[in-house]
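Here is a quick tour of a protein model, one feature at a time. Have the sequence and the 3D view open as you read.

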Amino acid sequence: MIVGDSNSLAFGRATVWIVSVGVFVVNLDLFIVNVAVPALSSSFDGTSLASLSWVLNAYAIIFAALLVVAGRLADRYGHRRGFLLGLALFTAASALCAVAPGAGWLIAARALQAAGAAALMPTSLALLLDNTPPERRPRAIRGWAAIGGVAAGLGPVAGGLLVEADWRWVFLVNVPVGLAGLVAGARLLPDPRPDREGPLPDLVGAALLTLGIGALALGLVKADAWGWSSPGVVGALAAVVVLGAAFWLRSARHAAPVVELPLLRIPAFTAATVAALLFTVAFAAMLLTSVLWCQQVWNYSAIQTGLAIAPGPLVVPVLAMTLGPVVQRFGAGRTAALGCLLFAGGLVWWVLALGRDPQYSTAFLPGMLITGIGVGFALPTLVGAAAAALPPHRFATGSAITTMARQTGSVLGVAVTVTLLGEPRTAHAVLTGFRHGWTAAAAAAGIAALAALALRRPAAATPQRSVGKPVAEPDNGTYGDGASGHAAGGSTTRRLRRF
């Protein structure tokens, strides 16, 4: 497949462009949909924030549950087929979102979007690497990961512009881009021979994971309206325990589980993944509250909101691409912990500085910049540390587990935010609700810092390679990740050799 002639190079460039288009629209979708939430509330009269939160959470839940399953199916039946199917589903679901007559329709269409994204993201990287010479693959991975940063930087402003016209354009914009990618992909993408051997992925386990995360989100979102002791909330939380136990047992026994449990016995991988989950709880809460604060408290327009949020995301790619020497000197644990604490500090700044009178440059902007710096230090380092702890033959699966954890964190962050904001009826209650949300998010970031400190610097005889450089890891729900390559000690490889 990889030959040095001009024809192969042309197909390689076509693959890069087509894959980039698909990955870009998926990453862009997060930010523009967040900016659209207040507009959705106005369009669907009588729909509460708790109900609209499922526009965000349905996407995150389905993406988390199907990511590993979709990747395994694509390995079995073909990366090209998986990519085109994922892009087609994402594009069709975007059109369904755009014509949604109500919140229920929109939530269902968002779930379909997530299924398409789950198929598109892992296959995009596989296609890219299939058609890149080994010596150029690190550079290709960095470029692939950087797409998320570009989308994150453009997302808030693009979302604001589109919402100003009509919130439906947030989804319609995906349709022509997706159709162009499908036409070009059907003609130009290579079709490497798939590996049809091995067991089918655990679809039942994916269903249990979906139901479990959904039940947890339901219990948290409805706690304020129903009451913590209500049968609905208690039943939802009880279902989480039952479904979680069933999922764990299923993962322990299935030949191709959604989560390979032996990977969780790698201390550095588990510490980094837990820290990434907790940090994403804080990140999702910050993103949603900043959008709601600008539009509902300060009465900013959608485009003003996008411009107000943009400085934070724009800081992250620069830090992610230059963080390597810092990580090498101080270690991944300390670097990530510093990022988590900076992020918490930006949220505490908002608690202390923000009031109902708009003071963007002196109150909002400093907090946004500090949180952006925090993301740049924490998230790329945590994702990189998780990948660096994996044996090479489990890099893709382990990175998918880290992404699943982050998507779960996103669901929890949105659900907790909705519960803490509630449905205030006075100006004082509004301010109190937001301060509670920022305080809870700062606490999650602080706990993430403690989890990050569990990461130990590798011994001198076994250097940790590439920490701080962008990694091949799906980016949904962040400012745009950089991360690291992968390395593993011999003992870890031996423990997992049976896989």
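## Helix H2

How many of the 29 residues of H2 are buried? The count is 22, so H2 is largely enclosed by the rest of the structure. Buried here means under 20% relative accessible area, exposed means over 50%, and partly exposed is what lies in between, with a 1.4 Å probe and protein chains only. Before going further, two notes on the ground rules. This is a predicted model, where local features need pLDDT of at least 70 and side-chain atom pairs count only at pLDDT 80 or more, while totals for chains, interfaces and linings use all residues. Residues are numbered from 1 along each chain as its sequence is written, and side-chain values use heavy atoms, with hydrogens and water left out.

Back to the helix itself. H2 covers residues 49–77 and reaches 41 Å from its first C-alpha to its last, close to the expected 42 Å. That expected span is 1.5 Å times one less than the number of residues. Helices are DSSP runs of H or I with at least four residues, numbered from the N terminus. H2 also bends by about 45 degrees at Leu66; the bend is the angle between axes fitted to the seven residues ending there and the seven starting there.

Leu89, Leu96, Val99, Trp105 and Leu112 make a nonpolar surface patch of about 420 Å². Patch members have over 30% relative accessible area and no salt bridge; nonpolar side chains (Val, Leu, Ile, Met, Phe, Trp, Tyr) are joined within 5 Å, and like charges within 9 Å. The areas come from the Shrake-Rupley method with a 1.4 Å probe, and for residues only the protein chains shown count as cover.

Helix H3 (79–98) and helix H4 (103–130) each supply at least two residues of the patch. Leu89 sits in H3 and counts as partly exposed, at 30% relative accessibility.

## Salt bridges

Side chains of opposite charge can pair when their charged atoms come close. The rule used here asks for a side-chain nitrogen of Lys or Arg within 4 Å of a carboxyl oxygen of Asp or Glu, and by that rule the count comes to three salt bridges. Take Asp29 and Arg110, whose closest N and O atoms are 2.4 Å apart. Asp29 lies in helix H1 (residues 6–43) and Arg110 in helix H4, so the pair ties together parts that are 81 residues apart in sequence. Both Asp29 and Arg110 are buried.

Then there's Glu260 with Arg72, at 3.0 Å between the closest N and O atoms. Glu260 is in the loop between helix H10 (231–253) and helix H11 (267–297), while Arg72 is in helix H2, 188 residues apart. Glu260 is buried at 3% relative accessible area, whereas Arg72 is partly exposed at 22%. Asp202 and Arg250 also meet in a salt bridge, at 2.8 Å from N to O. Here Asp202 is in the loop between helix H7 (174–188) and helix H8 (203–221), and Arg250 is in helix H10, 48 residues apart. Asp202 is buried at 1%, and Arg250 is partly exposed at 32%.

## Aromatic pairs

A search of the whole structure turns up 13 aromatic pairs. Rings of Phe, Tyr and Trp (its six-membered ring) pair if their centres lie within 6.5 Å; planes under 30 degrees apart are stacked, over 60 edge-to-face, and the rest tilted. One of the pairs is Trp350 with Phe364, stacked at 4.9 Å centre to centre and 15 degrees between the planes.

Phe434 is buried at 5% relative accessible area, and Trp438 is buried at 1%. Trp293, Trp298, Tyr300, Trp350, Tyr360, Phe364, Phe434 and Trp438 form one aromatic cluster.

Most residues other than glycine have a negative phi. Asn299 has a positive phi of about 60 degrees, although it is not a glycine. Asn299 is in the loop between H11 and helix H12 (302–309), and is exposed, with a relative accessible area of 62%.
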